[in-house]
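Trainee: Could you help me understand the terms used for this protein?
Mentor: Gladly! Let us look at it together.

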Amino acid sequence: MRSEKKPWSPLLCDELNEEILSRLPVKPLIQFKCVCKGWNSLMSDPYFIKLHLSKSAAKDDLEHLQLMKNVCLGSIPEIHMESCDVSSLFHSLQIETFLFNFANMPGYHLVSSCNGLHCGVSEIPEGYRVCFWNKATRVISRESPTLSFSPGIGRRTMFGFGYDPSSDKYKVVAIALTMLSLDVSQKTEMKVYGAGDSSWRNLKGFPVLWTLPKVGGVYLSGTLNWVVIKGKETIHSEIVIISVDLEKETCRSLFLPDDFCFFDTNIGVFRDSLCVWQDSKTHLGLWQMRKFGDDKSWIQLINFSYLHLNIRPNEEKSMILPLCMSNNGDFFMLKFTRNADDEYQTILYNQGDGKSQVSVVPSGSFRTLLWRNLKIFTKSLVIPY
């Protein structure tokens with residue numbers, strides 16, 4: 001006897017569609033929005049957006065990663081941004097870069113990226129404004145209220161951008177060192193703003209800083225982290241990591257590994273671990289905090305000798321920038337040598353056997369490189385509000 005045909009389950013079909021689509025890159029997903037109303041709605045569904053982001057972040061390849069940097073175009077007063085696929089640095093004979101400005105909003109420049117969103121800052125006479133933008137989907141948030149600090153005769157500012165999972169909100173933190181007058185020491189201020197908020201708020205318990213960090217805060221697990229010199233006077237200062245909790249909007253200090261020098265210290269996140277590294281001009285030493293928040297859990301992951309790359313420290317001005325780390329511990333790095341041709345090379349460093357593969361980046365690919373401004377990010381569907 002022929003069995004009765006069971007009706008197709010729409011629920012199973014939807015779940016299967018979501019699972020398949022969540023594994024695809026962002027570009028085809030945006031194109032698929034025109035397939036039907038259901039798929040159009042799916043690309044804006046918060047659950048699907050987070051599912052897609054989690055799968056993208058877990059990928060152990062370079063195909064989903066992009067580099068981005070600010071670019072000043074000669075006499076043009078606007079600041080543009082340039083991006084390229086990270087994989088093309090390692091595998092292509094010719095690198096395609098994409099030039100654009102911040103959602104056609106002049107005056108904005110990139111300060112940080114998180115989960116595929118970018119934070120742009122514009123300086124205005126009254127202070128600063130920020131907005132968030134997804135480059136892949138071309139969706140932009142409203143401008144923030146004006147950010148202002150104490151009046152003074154000089155000011156330096158630094159920004160960080162991250163995600164607060166407790167409120168499902170993206171936030172930007174601004175640090176300012178303001179010189180109030182010639183005979184008064186600098187004033188440290190720190191403020192925070194969340195997407196859609198009506199105002200900026202003062203951050204609680206932020207310490208007095210001697211100088212600002214060299215780069216913006218790096219995001220990890222609901223926190224933003226900077227390497228700073230804390231204290232009013234040089235003799236009483238100390239080099240620490242300032243970690244800002246985006247949920248509680250408070251901060252704390254974490255100690256660095258021993259014998260770290262502020263001027264040579266960089267900070268980043270690799271495979272969900274906070275890392276710091278120093279370039280001693282003969283070696284690149286990189287440490288990992290095995291348990292975030294425990295400054296006694298530092299271990300050294302890399303002690304990379306320049307001899308592997310045939311670099312002559314006394315003759316060449318070279319810098320090495322770690323970009324990302326694979327699941328098996330391989331590090332992908334970018335090397336820049338300041339010479340007549342401004343040469344760039346990519347490095348794949350295997351921790352297990354200490355061997356490295358070096359390849360030359362096509363000339364002209366990064367001719368306007370701002371080294372410390374390079375941002376690496378994962379393309380996503382995240383909505384910036």
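Trainee: How many bridges join E19 to strand E20, and in which sense do they run?
Mentor: 7 bridges join E19 to strand E20 (residues 298-305), and the two run antiparallel. Two strands pair if DSSP finds at least two bridges between them, and strands (E, at least two residues) are themselves DSSP runs, numbered from the N terminus. Within this pair, Gln-288 stands opposite Ile-299. One caution: this is a predicted model, where local features need pLDDT of at least 70, side-chain atom pairs count only at pLDDT 80 or more, and totals for chains, interfaces and linings use all residues. Residues are numbered from 1 along each chain as its sequence is written, and side-chain values use heavy atoms, leaving out hydrogens and water.

Trainee: Why is E19 called largely enclosed?
Mentor: Because 6 of the 7 residues of E19 (residues 283-289) are buried. Buried means under 20% relative accessible area, using a 1.4 Å probe and protein chains only.

Trainee: Which residue's side chain makes a polar contact with the side chain of Ser-113?
Mentor: His-118, at 2.7 Å. A polar contact is a pair of N or O atoms within 3.5 Å; within protein, one must be able to donate a hydrogen and the other to accept it, and residues adjacent in sequence count only if both atoms are side-chain atoms.

Methods:
Buried means under 20% relative accessible area, exposed over 50%, partly exposed in between (1.4 Å probe, protein chains only). Helices (H or I, at least four residues) and strands (E, at least two) are DSSP runs, numbered from the N terminus.
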